[in-house]
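Please read the following points with the model open beside you.

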Amino acid sequence: MILHWSSRSWVSWRRLLHLRGSSRGLSCSATLSNTGGASSGLQDTADTVIIGGGIAGTSIAYHLARQGQKEVVLLEKTDLTAGSTWHAAGLTTTFQGVVNAKRLHYYSLNMYSHLAQETGQEIGLHMCGSIRLATTPTRVDEMKYQISRSNHHEAPISLLTPEQVLEHVPIANIDNILMGLYTPYDGHVDPYSLTQAIAKGARGYGAKILQGTGVEALKLREDGRWLVTTTQGDVLADRVVNAAGFWAKEVAKMAGSDLPLVPNHHQYIVTSTVPEVKALKKEIPVLRHLEGSFYLRMERDGLLVGPYESVETMRQCEDWVRDCVPKGFGKELFEPDLDRLEPHLEVAMELIPCFANASIQSVVNGPITYTPDVLPLLGPDILPNMWLAAGFGYGIVHGGGIGKFLADWIQTGEPPFELNECDPLRFGSWATDDYVLAKARESYGMNNAVTFPHEERFAGRPTCRVSGAHELMEKRGARMHFHSGWEQPAWFCPSGGKPEYQPSFRR
Ligand SMILES: Cc1cc2nc3c(=O)[nH]c(=O)nc-3n(C[C@H](O)[C@H](O)[C@H](O)COP(=O)(O)OP(=O)(O)OC[C@H]3O[C@@H](n4cnc5c(N)ncnc54)[C@H](O)[C@@H]3O)c2cc1C
């Protein structure tokens with residue numbers, strides 16, 4: 001079976017490994033030029049101006065140019081990858097709880113697997129697979145539920161016994177493992193090289209990528225075009241794509257709007273060589289210990305471990321949300337804070353005992369941009385001819401897919417498939433800074449929490465969207481459900497009962 005997104009460029013998973021070893025790229029409208037050098041000089045007009053040269057903006061430029069759009073201009077204020085992209089851990093996965101968004105992941109992995117051949121630029125892609133680990137009975141239920149919702153997609157996914165986990169990960173202690181969920185085409189990629197390869201491809205298809213060109217002002221003209229003022233002069237654009245990462249809120253302000261984005265701190269550590277890791281015959285799959293809330297993968301002969309701290313201990317850039325990103329902040333990282341990671345690292349030491357003897361080589365603590373629900377803002381903004389591609393908590397794995405999705409939409413006037421979950425307009429003025437901060441905190445802290453069907457999450461509620469009958473309904477036993485900022489009755493408890501929230505996989 002072949003998954004169809006666009007008949008021109010989707011490939012089946014069966015071809016994926018073949019593509020890695022084949023000299024053929026995918027079919028497309030434009031032809032890759034082999035001149036491919038950096039373009040320079042700002043032109044007067046453009047079909048599309050993309051603001052931001054991270055993985056998102058670069059992928060959009062690549063796909064628009066590849067589909068034949070003539071004047072695609074990407075403006076990057078410093079260097080490509082200078083935001084969150086350069087320091088990402090590079091994990092890629094086909095696993096995604098939101099069914100529609102799975103296709104973004106599938107497309108990215110397909111695209112990345114042929115990119116080196118297409119562009120001649122290595123991207124450090126390791127398709128070592130990944131295993132999500134269950135250590136509680138509820139987590140086992142969740143994995144069975146996830147499998148039941150996944151098998152209509154072509155990316156393979158299967159359950160593993162603890163013994164099978166050990167076969168894949170000979171250095172693991174499986175004492176507490178009840179089950180594994182295995183996705184064989186997952187792995188990791190070098191985000192810097194990946195972005196450079198996509199940029200090379202974009203240039204080859206005719207896009208202009210201008211580094212050292214910061215956007216300073218945006219003005220909507222009466223004819224619907226945007227006057228984009230940059231440090232290198234002005235350009236008049238038929239449309240603008242805001243792909244400015246954790247600066248996207250600042251760019252939105254230039255156009256007179258605001259975006260519900262929160263930069264959170266996210267950390268991972270890298271160890272020096274671990275003899276037991278070095279002695280392995282092949283790379284182990286990426287591990288995700290869900291109760292311990294961390295990912296773990298090999299980094300050369302050492303290990304890389306990235307925890308998601310709890311709702312209470314994680315940190316946010318609250319002043320960036322309420323005020324602005326500090327003017328001088330560029331490629332900087334935050335101070336590492338190992339105390340926050342300690343409980344997670346202890347679980348990692350139980351799981352991989354040789355990790356306990358490893359010495360830490362480096363700690364990366366950088367800004368990761370969250371929306372309240374951790375899904376990106378992807379599509380047209382409320383302002384005419386303004387498009388959004390921002391708020392990526394998993395931008396490296398989303399990058400390829402979102403570039404194709406947005407380019408298809410821009411080129412044809414229709415989204416290639418239903419992805420309402422990422423509609424940028426799903427938040428309104430009801431999503432205040434307080435709400436956005438509370439929700440982004442909850443989403444980050446619960447990154448690895450069990451996700452139940454019809455789940456309710458309570459941070460930031462209620463918003464101002466409460467109906468006049470709210471109190472009366474609550475008195476009459478209503479259990480409230482949250483939708484688009486509104487508190488709505490989900491069900492009523494029979495008289496005398498208390499409407500407790502009891503999520504379950506068994507109803
Ligand atoms: C520690 C850490 C680990 C991570 N690990 C992973 C992972 O394993 N897998 C994964 O999928 N994701 C991971 N992420 C998330 C990932 O890094 C981001 O989702 C992704 O890099 C976002 O890409 P972007 O293009 O949206 O933004 P960015 O990479 O931030 O790019 C935005 C660009 O816009 C430019 N810009 C801003 N303002 C302007 C302006 N006015 N004019 C011109 N240019 C401008 C900036 O200079 C920047 O280069 C991680 C994040 C962190 C912090």
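**Notes on the model**

1. Leaving aside neighbours within four places in sequence, His265 is in contact (heavy atoms within 4.5 Å) with Arg315, Gln316, Cys317, Phe334, Arg340, Asn365, Gly366 and Tyr444. His265 lies in strand E12, helices (H or I, at least four residues) and strands (E, at least two) being DSSP runs numbered from the N terminus. With a relative accessible area of 6%, His265 is buried, a term that means under 20% relative accessible area, with exposed over 50% and partly exposed in between (1.4 Å probe, protein chains only).

2. This is a predicted model, in which local features need pLDDT of at least 70 and side-chain atom pairs count only at pLDDT 80 or more, while totals for chains, interfaces and linings use all residues. Residues are numbered from 1 along each chain as its sequence is written, and side-chain values use heavy atoms, with hydrogens and water left out.

3. Helix H12 (residues 433-445) has 13 residues and reaches 18 Å from its first C-alpha to its last, close to the 18 Å expected at 1.5 Å a residue, where the expected span is 1.5 Å times one less than the number of residues. Among the buried residues of H12 are Tyr435, Val436, Leu437 and Tyr444. The buried residues of this helix pack against strands E12 (262-271), E15 (302-307), E16 (360-370) and E19 (478-483), and against helix H9 (318-322).

4. Helix H2 (residues 55-66) has 12 residues and reaches 16 Å between its first and last C-alpha, close to the 16 Å expected at 1.5 Å a residue. H2 is mostly covered, since 12 of its 12 residues are buried, and it is followed by Gly68, whose phi is positive, near 100°.

5. H2 and H3 pack at an angle of about 75°, with their axes 14 Å apart; axes are lines fitted to C-alpha atoms, for helices over the stretch in contact, and angles run from 0 to 180 degrees between N-to-C directions. H2 and H3 are therefore roughly perpendicular to each other (angles under 35 degrees count as roughly parallel, over 145 as roughly antiparallel, 65 to 115 as roughly perpendicular and the rest as oblique). The contact is made by Ile55, Tyr62, His63 and Arg66 of H2 and Tyr107, Met111, Tyr112, His114, Leu115 and Glu118 of H3.

6. The axes of helix H3 (residues 102-119) and helix H6 (residues 191-204) come within 10 Å and cross at roughly 60°, which makes H3 oblique to H6.
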